[in-house]
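Open the model in your viewer and keep the selection panel at hand. The tour below goes from stop to stop.

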Amino acid sequence: MNIAIIGGGAAGLMAGGFLSESHEVTIFDSNEKCGKKLYITGKGRCNVTNNCDIKGYLENVVSGEKFMMSAINRFTPQDTMNFFEEKGVALKTERGGRVFPVSDKSSDIIKALTHHCKHCKIKLNEKIEEIKKDGELFKVFSKNKVYNFDRVIIATGGKSYPATGSMGDGYKFAEKFGHKIIKPRGALIPIKIKDKFCSDVEGLPLKNVTLKAVLDGKGKQLFGEMLFTYDAISGPIALSMSSYCGGMNKVELSLDFKPALSEGQLEARLLRDFNSNLNRNFSYVLKGLIPHRLVSEFARRLKVSEEKKVNSITKEERQALIKLLKNFTLEYNGLYPIESGIVTSGGVDLKEVNPKSMESKLAAGLYFIGEVLDVDCLTGGYNLQTAFSTAYSCATNLI
Ligand SMILES: Cc1cc2nc3c(=O)[nH]c(=O)nc-3n(C[C@H](O)[C@H](O)[C@H](O)COP(=O)(O)OP(=O)(O)OC[C@H]3O[C@@H](n4cnc5c(N)ncnc54)[C@H](O)[C@@H]3O)c2cc1C
């Protein structure tokens with residue numbers, strides 16, 4: 001068969017190599033080279049998968065968990081690791097099961113995938129503008145040419161980081177075939193905060209905190225590290241939380257600075273701190289509890305002067321401090337624009353795609369793989385695993 005793959009990213013290259021073992025495969029990419037987004041993954045180191053089992057993967061899928069069940073069983077994170085190691089890319093596992101090439105170079109992953117596609121025709125700088133079905137054949141249109149194919153695989157990615165080539169074209173192609181598109185939104189993206197103090201603490205990292213959210217009345221908590229930026233929160237737990245905030249009508253956010261301590265334990269700790277520093281300023285005790293740059297904001301919210309002596313802090317003020325440490329509210333101001341999302345949530349409606357083969361249920365011979373589908377995961381290598389598993393399922397179905 002003569003197969004077209006639109007998009008030479010993670011999913012397109014993975015599928016192309018397998019398919020070229022038994023078919024004629026042409027990969028089109030609008031860029032001057034394949035894998036432009038792969039190049040910047042994992043800050044240039046490419047967190048290629050997660051060293052977890054299937055259950056671990058599924059727990060990190062934000063949307064599309066049920067759909068991914070079959071694909072992840074057919075091509076597991078272990079299969080991804082074996083694939084790259086067999087291609088000569090030595091891998092290492094870091095904190096949280098994140099798998100990287102030992103070289104810390106995403107280019108090694110791209111080289112392995114490109115080598116995997118050595119029997120594919122790769123047409124670079126060739127942006128596909130339209131796909132039409134003409135009887136049993138597909139007509140694929142670029143600016144100056146029309147190609148005929150028996151099968152077409154859409155692997156155009158999402159809509160975030162458009163400079164890497166993923167500009168949402170796959171959604172337009174899918175819509176032309178009658179597919180419903182779940183509204184694309186940025187995910188794994190900074191969460192904008194209205195509070196004025198945010199700009200004063202730009203760049204401040206927080207460790208071992210719990211970010212709590214009430215999302216349309218439903219609670220969600222994430223523990224770990226985050227970061228304040230000029231007008232937003234970012235870093236691992238904030239980015240992960242953003243994936244749950246999109247599409248919500250009401251989002252309430254707060255931080256627990258002492259998640260390991262109950263209010264009672266925190267009170268005992270404060271009493272100890274206060275008693276050993278009775279003649280010092282309130283700010284001195286605060287500095288022992290929170291990062292220095294947040295002291296003014298805490299004092300402001302508590303309406304207690306930073307210079308007030310610890311021995312004159314009232315019981316009510318101490319109780320208010322405990323509440324604030326456990327529940328420091330942040331005023332949600334939406335998410336950054338989709339362009340800055342690490343992934344796109346939303347995409348081709350999964351109800352209209354066969355989860356075993358990735359084939360469209362509306363147009364026989366048309367397939368969707370990778371981020372163009374309405375599947376998104378948390379950080380940790382799970383999004384690339386999604387691209388690889390959907391690619392493999394599609395390819396093996398066609399072989
Ligand atoms: C900054 C950043 C860091 C990331 N880090 C990680 C990480 O470490 N680990 C992880 O698991 N995930 C990471 N991701 C997410 C991951 O990169 C994506 O989920 C993954 O690349 C999706 O693969 P894909 O093949 O579906 O799409 P893409 O990799 O986006 O590939 C789509 C390809 O299609 C081409 N294309 C689009 N439209 C057309 C058209 N009309 N004609 C021809 N070609 C077209 C594009 O040029 C592109 O090459 C990161 C994302 C970003 C933005």
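A residue counts as buried if 20 or more other C-beta atoms lie within 10 Å of its own, as exposed if 12 or fewer do, and as partly exposed in between. Keep in mind that this is a predicted model.

**Stop one: Glu129.** Select residues 128-134. This is strand β8, and Glu129 lies in it. Is Glu129 buried, exposed or partly exposed? Glu129 has 13 C-beta neighbours inside 10 Å, so it counts as partly exposed. Then pick Asn50. It is 79 residues from Glu129 in sequence, and the C-alpha atoms are 35 Å apart.

**Stop two: the open sheet.** Select β7, β2, β1, β11 and β21. These five strands form an open sheet in the order β7-β2-β1-β11-β21, with parallel pairing. Which strands sit at the edges? They are β7 (121-123) and β21 (366-368), each pairing on one side only. Look along the sheet: neighbouring strands are turned by 20 degrees against each other on average, direction ignored.

Zoom in on β2, residues 24-28. Three bridges join β2 to β7, and the two run parallel. Click Ile27: its bridge partner in β7 is Ile122.

**Stop three: Gln319.** Select residues 315-326, helix α13, which holds Gln319. With 13 C-beta neighbours inside 10 Å, Gln319 counts as partly exposed. Last, pick Glu267. Gln319 and Glu267 are 52 residues apart in sequence, yet 7.7 Å apart in space, C-alpha to C-alpha.

Methods:
Residues numbered from 1 in each chain as written. Predicted model: local features only at pLDDT ≥ 70, side-chain atom pairs only at ≥ 80, totals over all residues. Pairing = 2+ DSSP bridges. Helix = DSSP H or I, 4+ residues; strand = E, 2+ residues; numbered from the N terminus. Axes fitted to C-alpha atoms, helices over the stretch in contact; angles between N-to-C directions.
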